[in-house]
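The following note sets out some points on the structure shown below. It takes the form of numbered paragraphs.

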There are 2 protein chains.
Amino acid sequence: MRRNTTQRMAIEEVFRQNDRPLGVDEVLAYGRKLVESLNQATVYRNLKLLVDDGRLKRVTHPSLGTMYERTGKGHHHHFYCRACNHAYELPGCALNEDEIAPDGFVVEDHDVFLFGICPSCVR
Amino acid sequence: MRRNTTQRMAIEEVFRQNDRPLGVDEVLAYGRKLVESLNQATVYRNLKLLVDDGRLKRVTHPSLGTMYERTGKGHHHHFYCRACNHAYELPGCALNEDEIAPDGFVVEDHDVFLFGICPSCVR
DNA sequence: TTTTTTTGCGAAATCAATTGCAATAAAAGC
DNA sequence: GCTTTTATTGCAATTGATTTCGCAAAAAAA
Ligand SMILES: [Mn+2]
Ligand SMILES: [Mn+2]
Ligand SMILES: [Zn+2]
Ligand SMILES: [Zn+2]
């Protein structure tokens with residue numbers, strides 16, 4: 001039976017406090033502010049458990065690699081600032097799956113990544 | 001000075017014959033049909049040279065990883081069939097960068113990946 | 001208390017990509 | 001054509017980054 005460890009609760013808290021895709025290193029760094037003994041292997045183990053439990057999902061950034069974010073937010077897209085490397089949530093979706101692919105292709109899902117400069121880096 | 005080796009010409013020919021994003025393994029497999037001695041290290045070395053020369057560009061697939069395709073085709077998107085794992089070219093772009101991100105975000109580029117079943121796998 | 005999951009730690013496994021080196025071959029010069 | 005130069009190749013070994021694992025100690029829940 002799954003136990004509610006301070007480490008696992010801290011990792012979930014990290015995603016509540018930073019509601020955007022986070023890399024493993026970010027989870028570890030933010031998590032250590034809550035539980036300073038937190039170890040990298042524990043982060044990996046819990047990220048996997050939380051994905052299995054459907055509480056997190058994986059997001060793959062073209063150059064930053066694997067990231068994780070909370071589930072339950074509905075379909076949305078992401079913006080990656082190439083200055084600060086932060087990922088941002090972009091609520092909603094204006095993409096029409098039916099009209100973007102030729103006839104015969106069955107579109108089941110899509111990912112949209114925007115790249116550029118975020119408001120806090122633009123000044 | 002750069003030499004026109006049979007290996008490098010074969011790799012370029014692979015991309016001409018298969019005008020879609022190809023993974024390193026695909027380039028090696030198709031390339032060996034043209035030059036059977038073709039080696040993986042040679043593929044890696046030449047993919048890098050061809051990217052440097054602006055003849056190929058990298059495309060990162062969320063789960064298949066790094067792929068390469070020819071440059072000069074203009075901005076477009078990709079469809080990945082989850083049955084045969086083939087990548088397809090989708091000419092054109094119906095995405096409006098200005099209206100998809102909130103004010104303050106400077107959008108410089110975007111990637112769109114569609115996932116589903118391609119016409120030859122659908123039957 | 002007792003049981004058993006979970007952790008921290010270092011070592012180890014993975015996988016993609018790179019490198020050293022002797023052999024090969026492109027292309028320049030004769 | 002033939003020789004010389006040196007970029008390039010094939011091969012195996014190696015790197016580097018990420019992820020996993022073994023195990024004793026710690027701690028959650030019964
Ligand atoms: Mn998100
Ligand atoms: Mn393409
Ligand atoms: Zn969408
Ligand atoms: Zn587009």
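1. Is His75(A) buried, partly exposed or exposed? The model is a predicted one, and in it His75(A) has a relative accessible area of 40%. Because that value lies between the limits of 20% for buried and 50% for exposed, His75(A) is classed as partly exposed. Cys93(A) also counts as partly exposed, at 36% relative accessibility.

2. Both residues belong to a metal site. The zinc ion (ligand 3) is held by the NE2 atoms of His75(A), His77(A) and His110(A) together with the SG atom of Cys93(A), at 1.9 to 2.3 Å. Along the sequence, the spacing of these donor residues reads H-x1-H-x15-C-x16-H. His75(A) sits in the loop between β3 (65-70) and β4 (76-81) of chain A, and Cys93(A) in the loop between β5 (87-91) and α4 (97-100) of chain A, so the pair ties together parts that are 18 residues apart in sequence.

3. Why is the arrangement around the zinc ion (ligand 3) tetrahedral? The angles subtended by the 4 donor atoms run from 95 to 117°. Four donors count as tetrahedral if all angles lie between 85 and 135 degrees, and the arrangement is therefore assigned to that class.

4. DNA strand D is surrounded by 22 residues, and the closest are Tyr44(A) and Lys48(A) along with Ser37(B), Thr42(B) and Arg45(B). Of the atoms of DNA strand D that come within 4 Å of the protein, 63% belong to sugar and phosphate.

5. The side chain of Thr42(B) places an N or O atom 2.5 Å from a phosphate oxygen of DNA strand D, and for the side chain of Thr5(B) the corresponding distance to a phosphate oxygen is 2.9 Å. The elements giving two or more residues to the surface near DNA strand D are α1 (6-17) and α3 (40-52) of chain B and α3 (40-52) of chain A. The most comes from α3(A), with 5 residues.

6. The last point is a sheet in chain B. Its 3 strands form an open, antiparallel arrangement in the order β1-β3-β2. β1 (22-23) and β2 (56-61) of chain B are the edge strands, each pairing on one side only. Over 6 bridges, β2(B) pairs in the antiparallel sense with β3 (residues 65-70) of chain B, where Gly65(B) stands opposite His61(B).

Note on methods
Residues are numbered from 1 along each chain as its sequence is written. Chains are lettered from A and ligands numbered from 1 in the order in which they are written. This is a predicted model: local features need pLDDT of at least 70, side-chain atom pairs count only at pLDDT 80 or more; totals for chains, interfaces and linings use all residues. Side-chain values use heavy atoms; hydrogens and water are left out. Donors are N, O and S atoms within 2.8 Å of the metal (3.2 Å for Na, K and Ca); water is not among the atoms, so sites may look incomplete. Four donors count as tetrahedral if all angles lie between 85 and 135 degrees; four count as square planar and six as octahedral if opposite donors are over 155 degrees apart and all others between 65 and 115; anything else is irregular. Helices (H or I, at least four residues) and strands (E, at least two) are DSSP runs, numbered from the N terminus. Buried means under 20% relative accessible area, exposed over 50%, partly exposed in between (1.4 Å probe, protein chains only). A residue is near a molecule or strand if one of its heavy atoms lies within 4 Å of it. A polar contact is a pair of N or O atoms within 3.5 Å; within protein, one must be able to donate a hydrogen and the other to accept it, and residues adjacent in sequence count only if both atoms are side-chain atoms. Two strands pair if DSSP finds at least two bridges between them.
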